[in-house]
Amino acid sequence: KEMHRLMLHSAAYRMQSRSTPEADRVDPTNALLHRTNVRRLEAEAVRDALLAVSGVLDPRQGGSSVPPYLSPFMDGRGRPAKSGPLDGDRRRSLYLQVRRNFLNPMFLVFDSPVPFSTMGRRHASNVPAQALTLLNDPLVLLLADAWAGRILADDVPDRVRIERLYEQAFGRPPEEVELARCEAYLAGRGEPRDRAAWADLCHALFNVKEFVYVD
């Protein structure tokens, strides 16, 4: 723990990933740790973040595992008679059952290890299928709508709602240009409290790279 404390309190650990042209010329591979390396969240953390930000995450610890959700495209020998819930009963990814013939598609896309053999280190890819998953996965759409319901629950100005969205998703307030774009988008959709419009905005924020990458 002393070594962990030393590393976590070091200047190198607390650096941002942004660099300068001068530093990149001197240390192009970041061997001297003039910045941190950009790191993508692991598959389970991506799903847990979606649940947490949307406000539906069940924080309970322990208990039974949750059967996998079976889409109409998941068929084959050994298919369970009953599908688990789409949202995994709102439990953390740790509690989702792993069925070798019916693996979670989101986990596979975000490089979760396939449980056929041991793996010493996970890959961390950046492929179009990840963006397509965040655009089209029914769980992401469901949670975007839940997040919209959460943000509309309080009677506050739209500007405050947008600020809360950014703080919940990215841990920072929005820049003025981001605020202006969100306000213009909502104004273009008509009804100020239109849940569908807010759900689409929440869905768009889920798809910002900043949501799945640690800066």
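Reader: In what order do the elements of the protein chain run from the N terminus on?

Author: Keep in mind that this is a predicted model. The order is α-α-β-α-α-α-α-α-α-α-α-β. In total the protein chain holds 10 helices and 2 strands.

Reader: What does the C-alpha trace span along its principal axes?

Author: About 60 × 55 × 35 Å. The accessible surface of the protein chain is about 13400 Å², and carbon and sulfur atoms account for 56% of that surface.

Reader: How many residues does the protein chain have, and what percentage of them count as buried?

Author: The protein chain has 215 residues, of which 33% count as buried. As a general idea, nonpolar side chains in soluble globular proteins tend to be buried together. In this model the largest nonpolar core has 39 residues. The members that touch the most others are L50, W147, I162, L165, W198, F206 and F211.

Reader: Which helices each supply at least two residues of this core?

Author: They are α3 (43–54), α4 (105–109), α6 (138–152), α7 (158–170), α8 (176–188), α9 (195–206) and α10 (209–212). The largest contribution comes from α6, with 8 residues.

Reader: Take L50 as a case. Which residues is L50 in contact with, leaving aside its neighbours within four places in sequence?

Author: L50 is in contact with M106, V140, L143, F206 and F211. Two of these partners, F206 and F211, are also among the core members that touch the most others.

Reader: What share of contacts between residues at least 6 apart in sequence join residues at least 24 apart?

Author: The share is 60% in the protein chain.

Reader: How many positive and negative side chains are there?

Author: There are 30 positive and 28 negative side chains, and the centres of the two sets lie 8 Å apart.

Reader: How many disulfides does the count give?

Author: First the general idea: a disulfide is a covalent bond between the sulfur atoms of two cysteines. The count here is 0. C182, for example, is in no disulfide, and the nearest cysteine sulfur is that of C202.

Reader: Are C182 and C202 buried or exposed?

Author: C182 is buried, at a relative accessible area of 6%. C202 also counts as buried, with 0% relative accessibility.

Terms used: Residues are numbered from 1 along each chain as its sequence is written. This is a predicted model: local features need pLDDT of at least 70, side-chain atom pairs count only at pLDDT 80 or more; totals for chains, interfaces and linings use all residues. Side-chain values use heavy atoms; hydrogens and water are left out. A nonpolar core is a set of buried Ala, Val, Leu, Ile, Met, Phe, Trp, Tyr and Cys residues joined through side-chain atoms within 4.5 Å. Buried means under 20% relative accessible area, exposed over 50%, partly exposed in between (1.4 Å probe, protein chains only). Helices (H or I, at least four residues) and strands (E, at least two) are DSSP runs, numbered from the N terminus. Contact means heavy atoms within 4.5 Å. Accessible areas come from the Shrake-Rupley method with a 1.4 Å probe; for residues, only the protein chains shown count as cover. Lys and Arg count as positive and Asp and Glu as negative; His and the chain ends are not counted. The place of a charge is taken as NZ of Lys, CZ of Arg, CG of Asp or CD of Glu. A disulfide is a pair of cysteine sulfur atoms within 2.5 Å.
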